Amino acid sequence: MSFQSKLLQATQQNNSLLCIGLDSELSKLPECTRYKDNPVLYFNKQVIDATADLVCCYKPNYAFYGALGAAGWDTLRATIEHIPSHIPVLVDAKVGDIGNTAQQYAQMFFDGLGADGLTVTPYMGKDCVAPFLSYRNKATFIVCLTSNKGADDFEKKTLEMRPLYEEVIACVQQWTEHDNCGLVIGATQPDYFARVRALAPNMPLLIPGVGAQGGSAEEAVSNGQDKEGAGILINSSRGIIFASLGNDFAVAAGTAARNLRDELNQHRSPT
């Protein structure tokens, strides 16, 4: 199945716009996981089992696994394999390099790891994005307008007629031929949601920053959803996976996920 098909199925089946970021930093794991053979994998499996009926997507951030050294790749692969097959997996790596290097990244994450989607930075141009877009059944989420303060440094700067982030959207629409592209817009940019959605009415939007980073669930859903009341993946990481650092961490993650899923649904337009 394509990323889009999986996303639609999971959104409908779980009645959810929630994406959970599996940013499982080893030093922050609950004490009860530390004695397991692979604490990160054990933790991830428990969180996935507690939340798999509440999400539309999972988003592991590659940095937290790469930091584990040689064991990190196997841990990430095993984590992805544990996720139910009908739920898409979007790896957050924000890669972006010249064509032949980009091809290796695409092969690494799509073929080698089995990811359904990947975040990519577009600032080296079309040839750095094309190798990812050639995977028709995978999704390439282009970094557009991020949640950090540094977004002001480049992404909102006006080029002759429009801000850089709008130029990115225009280029992405020209580059993609197979409707397998999405955009990344941070939840801390509420003033821009409606504009991004107007410029890209049919693209899925990955919206990180709800929860620990202070983004508004209501604004993200109300202004980011497509005409079907979907088309957005609202990501929360720390607020869910570290909802408790006790023995009940999985139960607490499930409760936090359910609460956020239900909150997001309150702001969806009826279809």
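**Cysteines, nonpolar cores and aromatic pairs in a predicted model**

Cys57 counts as buried, at 0% relative accessibility, where buried denotes under 20% relative accessible area, exposed over 50%, and partly exposed the range in between (1.4 Å probe, protein chains only). The structure is a predicted model, in which local features need pLDDT of at least 70 and side-chain atom pairs count only at pLDDT 80 or more, whereas totals for chains, interfaces and linings use all residues. Residues are numbered from 1 along each chain as its sequence is written, and side-chain values use heavy atoms, with hydrogens and water left out.

The structure holds 0 disulfides, a disulfide being a pair of cysteine sulfur atoms within 2.5 Å. For Cys57, the closest cysteine sulfur belongs to Cys19 and lies 4.1 Å away, too far for a bond. Cys144 is likewise buried, at 0% relative accessibility; the closest cysteine sulfur to that of Cys144 is in Cys181, at 10 Å, which is also too far for a bond.

Nonpolar cores were defined as sets of buried Ala, Val, Leu, Ile, Met, Phe, Trp, Tyr and Cys residues joined through side-chain atoms within 4.5 Å. The largest comprises 71 residues, of which Ile20, Leu22, Tyr58, Leu183 and Ile207 touch the most other members. Helix α11 (residues 249-266) gives the most to this core, contributing 7 residues; helices (H or I, at least four residues) and strands (E, at least two) are DSSP runs numbered from the N terminus. A second, separate core of 11 residues includes Phe3, Leu7, Cys57 and Val184. When residues up to four places away in sequence are not counted, the contacts of Ile20 include Val55, Cys57, Tyr58, Ile240, Ile241 and Ala257, contact meaning heavy atoms within 4.5 Å.

A search of the whole structure finds 9 aromatic pairs. Rings of Phe, Tyr and Trp (its six-membered ring) pair if their centres lie within 6.5 Å; planes under 30 degrees apart count as stacked, over 60 as edge-to-face and the rest as tilted. Trp73 and Phe109 form a tilted pair, with 6.3 Å centre to centre and 55° between the planes. Trp73 lies in helix α4 (residues 70-82) and Phe109 in helix α5 (residues 99-112), so the pair ties together parts that are 36 residues apart in sequence. Trp73 is partly exposed, with a relative accessible area of 22%, whereas Phe109 is buried, at 1%.

One aromatic cluster is formed by Tyr42, Phe43, Phe242 and Phe249. The charged end of Lys36 sits over the ring of Tyr42, 4.6 Å from its centre; this arrangement requires NZ of Lys or CZ of Arg to be within 6 Å of the ring centre and within 35 degrees of the ring normal.
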